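Please take a moment to look over the sequence and the model before reading on.

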Amino acid sequence: PAGYVTESGMKLGAWYRTIRGLYKDNLLSADKQQELEQIGMQRTSVKERTWRQYYELAKAYYEKHGDLAVHLKYTTENGKNLGIWISSQRYAKKKGALSGEQMDLLEKIGMSWHQFSSKWKIGYEYAERYRKAHGNLEVPADYVNDDGFKLGAWIAAQRNKYRNNKLKLSQIKRLEELKIDWNPNDTAWERAFAEAKRYYETHHTINVKDSCVTDSGFCLGSWIANQRTNYRQKKLTREQVKRLEACGIWWSVTEEKWNRGYAQAVKFYRENGHLKMSKNYITPDGFELGSWISIKRAAYKKGKLRADKVELLENVGMVWNPYEEKWEQAYSLAKQYHSNHGDLNHISALLVVDEFPIGEWLRGQQRQYEKGRLQPERKEKLEKLGIVFQNSSTVNRKVMAGDIFYKQKRAVI
């Protein structure tokens with residue numbers, strides 16, 4: 001320091017400053033200059049040496065990249081903030097703090113003194129490098145390069161300026177030389193549609209599950225789902241709607257589920273001749289057809305199933321009330337037995353007709369009657385077959401008699 005004083009009282013700081021001035025102006029003898037140089041004396045100041053050090057880093061950058069398009073936060077491999085230094089040189093020139101020699105040196109390695117044009121040039125240079133590395137300018141919106149430059153945001157900004165007529169013709173020309181796509185959303189849609197169309201030509205549908213991925217790795221299911229969302233939000237053009245409909249897209253997911261379920265129901269009917277199945281039935285290809293049939297019955301019962309869908313299901317053997325159908329089938333067997341054998345009041349609970357436990361079924365009707373749960377129309381139909389509904393004690397005596405009678409006549413039955 002200039003004010004440094006040794007323990008013996010010598011003002012070494014002031015002496016060193018004076019000697020350094022004489023040395024710099026070459027006013028010392030050769031012997032004294034040599035002695036000073038042996039202990040590290042240099043003609044240039046620390047500030048000058050620091051400037052020279054950063055200049056060499058800038059020169060190395062220029063020799064490698066051909067420009068000084070350095071982002072403000074750019075640092076060299078050894079941790080030097082070259083981006084800030086470049087910016088500081090513009091400020092120094094503006095304040096008249098750079099020598100003519102320094103300005104000449106910087107201009108020889110591509111220094112641009114205009115900050116705003118330089119910012120665009122920096123972005124362009126990074127875009128050019130990206131193009132060389134990737135073969136395109138399809139830069140993700142959140143892409144940040146290794147120098148910390150937000151290239152994705154910069155590219156998006158250029159597209160926005162282009163749409164608002166705020167780009168210079170020279171800038172437009174230079175970006176188009178890099179094959180920039182001014183409308184990337186349209187391009188992306190066309191590529192995705194091409195994938196969807198290829199799938200349609202092979203599978204004859206594009207109504208796939210959300211998880212569907214094509215052989216080429218394209219997420220077709222999620223793309224189709226997005227198109228349905230865009231359709232509801234009126235974000236698709238008429239041409240896009242027309243082209244998707246030509247591939248048979250279903251805009252409604254509800255309608256899509258109906259079509260899938262109905263196709264499975266038709267297939268089951270053709271193979272089995274009916275739609276009788278448990279609620280838990282699942283087709284070989286994994287479709288929960290039993291559950292789907294049950295849901296349609298519930299919708300029909302509530303009056304929420306369209307007439308055209310009701311007709312379609314009835315054409316493939318749909319029974320809206322399977323319990324009613326079972327009752328009618330049992331009633332038909334009871335009627336048949338009555339026609340052949342007469343009395344139905346003295347049969348055994350063990351009586352089976354065509355593998356159906358008609359005796360137990362008739363006892364069940366008696367129990368329903370005693371509990372007040374037997375529908376009047378059913379009671380009336382059974383009474384036409386001669387069934388006499390009585391209290392429990394009477395029924396038990398007749399059942400016991402019926403069992404004896406049944407055992408005596410079983411061979412005949």
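Helix axes are lines fitted to C-alpha atoms over the stretch in contact, and the angles between them run from 0 to 180 degrees between N-to-C directions. Helices themselves are DSSP runs (H or I, at least four residues), numbered from the N terminus. This is a predicted model, in which local features need pLDDT of at least 70 and side-chain atom pairs count only at pLDDT 80 or more, while totals for chains, interfaces and linings use all residues. Residues are numbered from 1 along each chain as its sequence is written, and side-chain values use heavy atoms, with hydrogens and water left out.

Helix α12 (residues 253–272) packs with helix α14 (residues 307–314) at an angle of about 15 degrees, their axes being 12 Å apart. That angle makes α12 roughly parallel to α14, since angles under 35 degrees count as roughly parallel, over 145 as roughly antiparallel, 65 to 115 as roughly perpendicular and the rest as oblique. Contact, meaning heavy atoms within 4.5 Å, is made here by E255, W258 and Y262 of α12 and by K309, L312 and L313 of α14.

Helix α12 also packs with helix α13 (residues 289–301), in this case at an angle of about 110 degrees and with the axes 10 Å apart. That makes α12 roughly perpendicular to α13. On the α12 side the contact is made by K257, W258, G261, Y262, Q264, A265 and F268, and on the α13 side by L289, W292 and K296.

Elsewhere, R378 lies in helix α17 (residues 376–383). Is this arginine buried or exposed? R378 counts as buried because its relative accessibility is 15%, where buried means under 20% relative accessible area, exposed over 50% and partly exposed in between, with a 1.4 Å probe and protein chains only. R378 touches E324 and W327, not counting residues up to four places away in sequence.

The largest nonpolar core has 37 residues, of which W85, L106, L151 and W154 touch the most other members; such a core is a set of buried Ala, Val, Leu, Ile, Met, Phe, Trp, Tyr and Cys residues joined through side-chain atoms within 4.5 Å. At least two residues of this core come from each of α3 (46–65), α4 (82–94), α5 (100–108), α6 (115–134), α7 (151–163) and α8 (169–177), and α6 gives the most, with six residues. L151 touches G123, Y126, A127, Y130, V139 and Y143, again leaving aside residues up to four places away in sequence.
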